[in-house]
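Here are a few friendly notes to read with the model open beside you.

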Amino acid sequence: MPRRFLQRYMPHPETLRRQRSLRFVSHIIGDPALWALSRRSVANAFSVGLFSAMLPIPFQMMVAAFGAWVLRCNLPLSVGLVWITNPLTMPLIFYGNYRLGAWLMNSPVREAPTRISTRWIAERMADILPALALGSLVSAIVFAIVGNVLIRLVWRWQISRSWKQRALRRRQARLDRED
């Protein structure tokens, strides 16, 4: 079930390879290991994607793609999960990361203004950056580990459930034949 569910929403590697903007990496995109849907590849893709999403850096998708290539895990999932930090959620997530970092560093938290502007961020960057970097790194590691473990557990539970349902159907078919 998890494999079929994920296959329904994944792009086909051939369509991505034919795109002009991706031709320079077409030999990498065509690697079947980056499209595999196994418990290991999906769990590791969640780790890579969630880790990359929590980092306050530009080009998060490239970092996730590189991580998927290095760890030989599912490329589309790892890149797609980066969009957890989209333009709507990014301020909240990174402010939470900043607060976590400030708490870990035992430093006072700067309260966010009612309207965040680039000027406010530029003026406070020297104060904010160490706490933001630490909080983002800690949350990235925690989310990566928790995501990996949860995916492995859900995958295992789903397989166990399907085995039990299959055994029940076989028993029922055997009872129906005996009658």
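How many salt bridges does the count come to? The count comes to two, where a salt bridge is a side-chain nitrogen of Lys or Arg within 4 Å of a carboxyl oxygen of Asp or Glu.

1. A word on the ground rules. This is a predicted model, in which local features need pLDDT of at least 70 and side-chain atom pairs count only at pLDDT 80 or more, while totals for chains, interfaces and linings use all residues. Residues are numbered from 1 along each chain as its sequence is written, and side-chain values use heavy atoms, with hydrogens and water left out.

2. The salt bridges. Arg 119 pairs with Glu 123, their closest N and O atoms being 3.1 Å apart. Glu 123 also forms a salt bridge with Arg 124, and there the closest N and O atoms are 3.4 Å apart. Arg 119 and Glu 123 both lie in helix α8, four residues apart, about one turn of the helix; helices (H or I, at least four residues) and strands (E, at least two) are DSSP runs, numbered from the N terminus.

3. The classes are buried (under 20% relative accessible area), exposed (over 50%) and partly exposed (in between), with a 1.4 Å probe and protein chains only. Arg 119 counts as exposed because its relative accessibility is 62%. Glu 123 is partly exposed at 46%, and so is Arg 124 at 26%.

4. Helix α7. Why does the span of helix α7 agree with what it should be? At 1.5 Å a residue, its 16 residues (90–105) should span 22 Å, and the end C-alpha atoms are 22 Å apart; the expected span is 1.5 Å times one less than the number of residues. After α7 comes Asn 106, whose phi is positive, near 55°.

5. The buried side of that helix. The buried residues of α7 are Ile 93, Phe 94, Asn 97, Tyr 98, Gly 101 and Ala 102. They pack against α4 (39–53), α5 (60–71) and α8 (118–178). In helix α8 you will find Ser 139, which is buried, with a relative accessible area of 5%. Leaving aside neighbours within four places in sequence, Ser 139 is in contact (heavy atoms within 4.5 Å) with Met 54, Asn 97 and Leu 100.

6. Aromatic pairs. Rings of Phe, Tyr and Trp (its six-membered ring) pair if their centres lie within 6.5 Å; planes under 30 degrees apart count as stacked, over 60 as edge-to-face and the rest as tilted. By this rule the count comes to two aromatic pairs. Phe 66 and Trp 69 form a tilted pair, 5.8 Å centre to centre with 45° between the planes. Both lie in helix α5, three residues apart. Phe 66 is exposed at 52%, whereas Trp 69 is partly exposed at 38%. The rings of Tyr 95 and Tyr 98 have their centres 6.1 Å apart and their planes at 35°, so this pair is tilted. Tyr 95 and Tyr 98 are three residues apart in helix α7, about one helical turn. Tyr 95 is partly exposed at 25%, while Tyr 98 is buried at 5%.
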